[in-house]
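Colleague: I am new to this one. Please take a close look at a single part and walk me through what surrounds it.

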Amino acid sequence: LAAGAMLYIFGKRGIWYNLLAILIANILMIITVIAENGLGKYFSEFITLIITFADVTGDIIVQAEIHELAFCLGAYLIYMLFKPKKDIVYIILLILSVFCFLSAFKRIAIIAIAVALVFGYVLKFIARYNKKTASRLVTLLTVAIILVLIGYIALIKGDAFELLEKAGIKTSGRVGIYNAVDDFYEFDPGFAGNGIGFLTYQLNTLMNIGVASIHNDFLQHYIDLGFWGYIVWLVSMTLVRVWYFGRRGNVENAIITFMLMVYLIIASSTDNTMNYPLLTGVLAILMMGTGFEENVRASEYKMFGYISDANKERGDSLL
(Lines give C-alpha, C1' and ligand atoms only; values in the text may rest on other atoms or scores of the structure.)
Protein backbone atom coordinates (compact mmCIF):
# COMPACT_ATOMS: atom_id res chain seq x y z
CA LEU A 1 0.00 0.00 0.00
CA ALA A 2 2.84 2.40 0.82
CA ALA A 3 4.51 1.61 -2.52
CA GLY A 4 1.21 2.09 -4.32
CA ALA A 5 0.70 5.47 -2.61
CA MET A 6 4.19 6.57 -3.72
CA LEU A 7 3.38 5.72 -7.34
CA TYR A 8 -0.13 7.19 -7.09
CA ILE A 9 1.31 10.56 -6.05
CA PHE A 10 4.45 10.73 -8.22
CA GLY A 11 3.83 8.24 -11.02
CA LYS A 12 6.89 6.36 -12.30
CA ARG A 13 9.07 9.13 -10.85
CA GLY A 14 8.24 7.62 -7.47
CA ILE A 15 10.70 4.84 -8.34
CA TRP A 16 13.56 7.30 -8.55
CA TYR A 17 12.48 9.46 -5.61
CA ASN A 18 12.55 6.35 -3.47
CA LEU A 19 16.06 5.51 -4.72
CA LEU A 20 17.17 9.07 -3.94
CA ALA A 21 15.90 8.74 -0.38
CA ILE A 22 17.81 5.46 0.08
CA LEU A 23 21.02 6.93 -1.35
CA ILE A 24 20.83 10.10 0.73
CA ALA A 25 20.36 8.10 3.93
CA ASN A 26 23.19 5.71 3.01
CA ILE A 27 25.64 8.40 1.90
CA LEU A 28 25.05 10.46 5.05
CA MET A 29 25.92 7.41 7.16
CA ILE A 30 29.06 6.77 5.09
CA ILE A 31 30.09 10.45 5.41
CA THR A 32 29.74 10.13 9.19
CA VAL A 33 32.02 7.08 9.19
CA ILE A 34 34.58 8.87 6.98
CA ALA A 35 34.48 12.00 9.17
CA GLU A 36 35.26 9.93 12.26
CA ASN A 37 38.00 7.76 10.75
CA GLY A 38 39.44 9.55 7.73
CA LEU A 39 38.90 9.26 3.97
CA GLY A 40 42.14 7.37 3.31
CA LYS A 41 41.48 4.67 5.88
CA TYR A 42 37.91 4.22 4.66
CA PHE A 43 38.87 3.69 1.03
CA SER A 44 41.82 1.48 1.99
CA GLU A 45 39.42 -0.89 3.75
CA PHE A 46 36.88 -0.44 0.93
CA ILE A 47 39.41 -1.68 -1.65
CA THR A 48 40.48 -4.58 0.59
CA LEU A 49 36.84 -5.54 1.08
CA ILE A 50 36.27 -5.78 -2.67
CA ILE A 51 39.56 -7.50 -3.52
CA THR A 52 39.04 -10.20 -0.87
CA PHE A 53 35.32 -10.58 -1.73
CA ALA A 54 34.45 -9.63 1.87
CA ASP A 55 36.77 -12.23 3.44
CA VAL A 56 38.59 -9.32 5.09
CA THR A 57 36.31 -6.67 6.59
CA GLY A 58 37.98 -3.83 8.49
CA ASP A 59 36.68 -2.19 11.64
CA ILE A 60 35.95 1.04 9.77
CA ILE A 61 34.20 -0.29 6.66
CA VAL A 62 32.01 -2.59 8.75
CA GLN A 63 30.34 0.53 10.14
CA ALA A 64 29.00 1.21 6.64
CA GLU A 65 27.51 -2.29 6.37
CA ILE A 66 23.84 -1.37 6.48
CA HIS A 67 22.23 -4.66 5.51
CA GLU A 68 18.72 -3.53 4.67
CA LEU A 69 19.81 -0.58 2.51
CA ALA A 70 22.33 -2.82 0.72
CA PHE A 71 19.62 -5.31 -0.24
CA CYS A 72 17.40 -2.43 -1.38
CA LEU A 73 20.18 -1.11 -3.63
CA GLY A 74 20.75 -4.61 -4.99
CA ALA A 75 17.17 -4.66 -6.25
CA TYR A 76 17.65 -1.25 -7.87
CA LEU A 77 20.86 -2.40 -9.55
CA ILE A 78 18.97 -5.28 -11.15
CA TYR A 79 16.28 -2.90 -12.40
CA MET A 80 18.75 -0.30 -13.69
CA LEU A 81 21.12 -2.75 -15.38
CA PHE A 82 18.21 -4.53 -17.05
CA LYS A 83 16.81 -1.26 -18.43
CA PRO A 84 19.89 0.96 -18.94
CA LYS A 85 19.49 4.59 -20.01
CA LYS A 86 21.88 7.23 -21.34
CA ASP A 87 20.35 9.90 -19.10
CA ILE A 88 23.08 11.67 -17.06
CA VAL A 89 20.95 11.57 -13.89
CA TYR A 90 20.51 7.82 -14.37
CA ILE A 91 24.28 7.33 -14.70
CA ILE A 92 24.96 9.33 -11.52
CA LEU A 93 22.33 7.35 -9.60
CA LEU A 94 23.82 4.08 -10.89
CA ILE A 95 27.36 5.01 -9.81
CA LEU A 96 26.21 6.10 -6.35
CA SER A 97 24.13 2.92 -6.00
CA VAL A 98 27.12 0.73 -6.89
CA PHE A 99 29.36 2.58 -4.42
CA CYS A 100 26.90 2.34 -1.51
CA PHE A 101 26.10 -1.28 -2.31
CA LEU A 102 29.79 -2.27 -2.39
CA SER A 103 30.42 -0.41 0.87
CA ALA A 104 28.09 -2.90 2.55
CA PHE A 105 29.14 -5.79 0.27
CA LYS A 106 26.65 -8.59 0.89
CA ARG A 107 28.02 -11.63 -0.92
CA ILE A 108 24.67 -13.35 -1.16
CA ALA A 109 23.21 -10.20 -2.72
CA ILE A 110 25.96 -10.10 -5.36
CA ILE A 111 25.27 -13.73 -6.25
CA ALA A 112 21.52 -12.99 -6.34
CA ILE A 113 22.03 -9.98 -8.65
CA ALA A 114 24.19 -12.00 -11.03
CA VAL A 115 21.75 -14.92 -11.24
CA ALA A 116 18.72 -12.63 -11.64
CA LEU A 117 20.36 -10.65 -14.46
CA VAL A 118 21.46 -13.80 -16.30
CA PHE A 119 17.85 -15.03 -16.28
CA GLY A 120 16.63 -11.56 -17.24
CA TYR A 121 18.97 -11.08 -20.19
CA VAL A 122 18.27 -14.55 -21.57
CA LEU A 123 14.50 -14.06 -21.30
CA LYS A 124 14.77 -10.59 -22.81
CA PHE A 125 16.70 -12.02 -25.77
CA ILE A 126 14.06 -14.72 -26.29
CA ALA A 127 11.25 -12.14 -26.02
CA ARG A 128 12.70 -10.17 -28.94
CA TYR A 129 11.90 -13.06 -31.25
CA ASN A 130 8.93 -14.69 -29.57
CA LYS A 131 7.09 -13.06 -26.67
CA LYS A 132 4.78 -16.03 -26.12
CA THR A 133 7.73 -18.38 -25.69
CA ALA A 134 9.37 -15.99 -23.24
CA SER A 135 6.13 -15.63 -21.27
CA ARG A 136 5.63 -19.39 -21.06
CA LEU A 137 9.26 -19.85 -20.04
CA VAL A 138 8.86 -17.33 -17.20
CA THR A 139 5.85 -19.29 -15.95
CA LEU A 140 7.69 -22.61 -16.26
CA LEU A 141 10.73 -21.28 -14.40
CA THR A 142 8.52 -19.86 -11.66
CA VAL A 143 6.84 -23.24 -11.15
CA ALA A 144 10.29 -24.87 -11.07
CA ILE A 145 11.39 -22.42 -8.37
CA ILE A 146 8.34 -23.32 -6.26
CA LEU A 147 9.27 -27.00 -6.52
CA VAL A 148 12.90 -26.25 -5.64
CA LEU A 149 11.83 -24.28 -2.56
CA ILE A 150 9.67 -27.18 -1.41
CA GLY A 151 12.62 -29.50 -1.93
CA TYR A 152 14.84 -27.04 -0.04
CA ILE A 153 12.87 -27.73 3.14
CA ALA A 154 13.25 -31.48 2.56
CA LEU A 155 17.02 -31.05 2.21
CA ILE A 156 17.25 -29.10 5.46
CA LYS A 157 15.19 -31.72 7.25
CA GLY A 158 17.46 -34.36 5.74
CA ASP A 159 20.54 -32.73 7.33
CA ALA A 160 21.96 -31.38 4.06
CA PHE A 161 23.68 -28.50 5.85
CA GLU A 162 25.35 -30.91 8.25
CA LEU A 163 26.73 -32.80 5.26
CA LEU A 164 28.07 -29.50 3.87
CA GLU A 165 29.89 -28.84 7.15
CA LYS A 166 31.42 -32.32 7.06
CA ALA A 167 32.53 -31.62 3.50
CA GLY A 168 34.40 -28.54 4.73
CA ILE A 169 31.88 -25.94 3.54
CA LYS A 170 31.17 -23.34 6.22
CA THR A 171 27.50 -22.57 6.89
CA SER A 172 28.00 -19.81 9.50
CA GLY A 173 26.53 -21.86 12.33
CA ARG A 174 23.30 -22.70 10.56
CA VAL A 175 23.64 -26.40 11.34
CA GLY A 176 23.29 -25.72 15.04
CA ILE A 177 20.33 -23.40 14.48
CA TYR A 178 18.50 -25.87 12.22
CA ASN A 179 19.12 -28.71 14.68
CA ALA A 180 17.69 -26.54 17.47
CA VAL A 181 14.37 -26.08 15.62
CA ASP A 182 14.22 -29.57 14.13
CA ASP A 183 11.56 -30.78 16.57
CA PHE A 184 9.15 -28.02 15.55
CA TYR A 185 8.34 -29.45 12.11
CA GLU A 186 8.08 -32.47 9.85
CA PHE A 187 8.42 -32.58 6.08
CA ASP A 188 5.03 -34.16 5.54
CA PRO A 189 1.76 -33.12 3.84
CA GLY A 190 0.08 -33.72 7.19
CA PHE A 191 2.16 -31.06 8.93
CA ALA A 192 -0.29 -28.22 9.67
CA GLY A 193 2.19 -25.68 11.02
CA ASN A 194 2.46 -23.94 14.38
CA GLY A 195 0.89 -20.59 13.54
CA ILE A 196 2.28 -17.26 12.34
CA GLY A 197 4.88 -15.88 14.73
CA PHE A 198 5.42 -19.19 16.52
CA LEU A 199 9.11 -19.56 15.68
CA THR A 200 9.89 -15.90 16.35
CA TYR A 201 8.30 -16.24 19.79
CA GLN A 202 10.24 -19.42 20.53
CA LEU A 203 13.57 -17.89 19.52
CA ASN A 204 13.08 -14.64 21.39
CA THR A 205 11.37 -15.92 24.52
CA LEU A 206 11.79 -19.60 25.28
CA MET A 207 14.92 -20.78 23.48
CA ASN A 208 18.47 -19.87 24.37
CA ILE A 209 20.53 -20.47 21.23
CA GLY A 210 21.95 -16.98 20.76
CA VAL A 211 19.90 -15.87 17.73
CA ALA A 212 16.60 -14.07 17.28
CA SER A 213 16.07 -15.42 13.76
CA ILE A 214 17.07 -18.60 11.94
CA HIS A 215 18.21 -16.53 8.93
CA ASN A 216 16.13 -18.64 6.57
CA ASP A 217 12.76 -17.16 5.68
CA PHE A 218 11.59 -20.28 3.88
CA LEU A 219 12.15 -22.64 6.77
CA GLN A 220 10.60 -20.11 9.14
CA HIS A 221 7.46 -19.79 6.99
CA TYR A 222 7.26 -23.58 6.64
CA ILE A 223 7.41 -24.08 10.42
CA ASP A 224 4.78 -21.38 10.97
CA LEU A 225 2.41 -22.10 8.05
CA GLY A 226 2.72 -25.85 7.59
CA PHE A 227 3.13 -27.90 4.41
CA TRP A 228 0.13 -26.64 2.41
CA GLY A 229 0.17 -23.16 3.90
CA TYR A 230 3.81 -22.86 2.82
CA ILE A 231 2.92 -23.86 -0.75
CA VAL A 232 0.06 -21.34 -0.92
CA TRP A 233 2.41 -18.64 0.38
CA LEU A 234 5.06 -19.57 -2.22
CA VAL A 235 2.53 -19.42 -5.06
CA SER A 236 1.26 -16.02 -3.92
CA MET A 237 4.82 -14.66 -3.67
CA THR A 238 5.93 -15.98 -7.05
CA LEU A 239 3.46 -17.26 -9.64
CA VAL A 240 0.61 -14.89 -8.80
CA ARG A 241 2.90 -11.85 -9.02
CA VAL A 242 4.46 -12.91 -12.31
CA TRP A 243 1.03 -13.55 -13.84
CA TYR A 244 -0.48 -10.31 -12.53
CA PHE A 245 2.28 -7.91 -13.54
CA GLY A 246 2.76 -9.73 -16.85
CA ARG A 247 -0.94 -9.59 -17.78
CA ARG A 248 -2.13 -8.08 -21.07
CA GLY A 249 0.89 -9.60 -22.78
CA ASN A 250 3.38 -7.35 -20.98
CA VAL A 251 6.33 -9.73 -21.09
CA GLU A 252 8.90 -7.15 -19.94
CA ASN A 253 6.96 -6.58 -16.72
CA ALA A 254 6.76 -10.33 -16.18
CA ILE A 255 10.53 -10.68 -16.67
CA ILE A 256 11.32 -7.80 -14.28
CA THR A 257 8.98 -9.27 -11.65
CA PHE A 258 10.59 -12.68 -12.12
CA MET A 259 14.12 -11.26 -11.74
CA LEU A 260 13.22 -9.39 -8.56
CA MET A 261 11.54 -12.52 -7.23
CA VAL A 262 14.68 -14.58 -7.95
CA TYR A 263 16.78 -11.94 -6.19
CA LEU A 264 14.60 -12.00 -3.09
CA ILE A 265 14.49 -15.80 -2.99
CA ILE A 266 18.26 -16.23 -3.23
CA ALA A 267 18.91 -13.51 -0.64
CA SER A 268 16.31 -15.03 1.70
CA SER A 269 17.59 -18.59 1.39
CA THR A 270 20.39 -17.85 3.87
CA ASP A 271 19.09 -14.70 5.54
CA ASN A 272 15.90 -13.12 6.87
CA THR A 273 15.54 -10.46 4.18
CA MET A 274 11.79 -10.97 3.80
CA ASN A 275 11.46 -9.35 7.22
CA TYR A 276 13.01 -6.12 5.90
CA PRO A 277 10.15 -3.67 5.24
CA LEU A 278 12.34 -1.30 3.22
CA LEU A 279 13.33 -4.12 0.87
CA THR A 280 9.79 -5.43 0.39
CA GLY A 281 8.73 -1.82 -0.22
CA VAL A 282 11.39 -1.36 -2.89
CA LEU A 283 10.41 -4.60 -4.62
CA ALA A 284 6.76 -3.52 -4.61
CA ILE A 285 7.61 -0.12 -6.11
CA LEU A 286 9.75 -1.68 -8.86
CA MET A 287 7.19 -4.37 -9.70
CA MET A 288 4.21 -1.99 -9.75
CA GLY A 289 6.15 0.97 -11.16
CA THR A 290 7.19 -0.75 -14.39
CA GLY A 291 4.65 0.49 -16.93
CA PHE A 292 2.60 2.11 -14.14
CA GLU A 293 1.60 5.27 -16.05
CA GLU A 294 0.82 3.30 -19.20
CA ASN A 295 -1.49 1.06 -17.17
CA VAL A 296 -3.15 4.13 -15.62
CA ARG A 297 -3.82 5.64 -19.05
CA ALA A 298 -5.13 2.34 -20.41
CA SER A 299 -7.47 1.91 -17.41
CA GLU A 300 -8.71 5.50 -17.61
CA TYR A 301 -9.45 5.23 -21.33
CA LYS A 302 -11.25 1.92 -20.80
CA MET A 303 -13.40 3.39 -18.02
CA PHE A 304 -14.11 6.88 -19.37
CA GLY A 305 -13.25 6.81 -23.06
CA TYR A 306 -10.54 9.49 -22.79
CA ILE A 307 -7.21 10.27 -21.12
CA SER A 308 -7.11 13.29 -18.83
CA ASP A 309 -4.39 15.93 -19.15
CA ALA A 310 -2.94 14.91 -15.78
CA ASN A 311 -2.31 11.38 -17.07
CA LYS A 312 -0.94 12.25 -20.49
CA GLU A 313 2.66 11.22 -21.13
CA ARG A 314 5.16 13.62 -19.59
CA GLY A 315 8.45 12.63 -21.20
CA ASP A 316 11.04 10.15 -20.00
CA SER A 317 13.20 12.24 -17.65
CA LEU A 318 14.12 10.39 -14.48
CA LEU A 319 13.54 13.30 -12.15
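Modeller: N204 sits in helix 10, residues 198-206. The model is predicted. N204 counts as partly exposed, because its relative accessibility is 47%. Its side chain reaches back to the backbone oxygen of T200, at 2.7 Å.

Start at its ends. D87 caps the N-terminal end: a side-chain oxygen of D87 is 2.8 Å from the backbone nitrogen of V89. After the helix comes F105, with a positive phi near 50°.

Next, the buried side. Y90, L93, L94, S97, C100, F101, S103 and A104 are buried. In an α-helix, residues three or four places apart point the same way, because there are 3.6 residues a turn. The cover over the buried residues of helix 5 includes helix 2 (13-37), helix 3 (39-51), helix 4 (67-82) and helix 6 (107-129).

Take helix 2. Its axis and that of helix 5 come within 10 Å and cross at roughly 45°. The two helices are therefore oblique to each other. The crossing is left-handed. Helix 2 makes the contact with W16, L19, L20, L23, N26, I27 and I30. Helix 5 answers with Y90, L93, L96, S97, F99, C100 and S103.

Definitions and conventions
Residues numbered from 1 in each chain as written. Predicted model: local features only at pLDDT ≥ 70, side-chain atom pairs only at ≥ 80, totals over all residues. Heavy atoms only, no water. Buried < 20%, exposed > 50% of the residue type's maximum accessible area, 1.4 Å probe, protein only. Helix = DSSP H or I, 4+ residues; strand = E, 2+ residues; numbered from the N terminus. Contact = heavy atoms within 4.5 Å. Polar contact = N/O pair within 3.5 Å; in protein donor to acceptor, adjacent residues only side chain to side chain. Axes fitted to C-alpha atoms, helices over the stretch in contact; angles between N-to-C directions. Parallel < 35°, antiparallel > 145°, perpendicular 65-115°, else oblique. Left-handed = near helix turned anticlockwise from the far one by under 90°.
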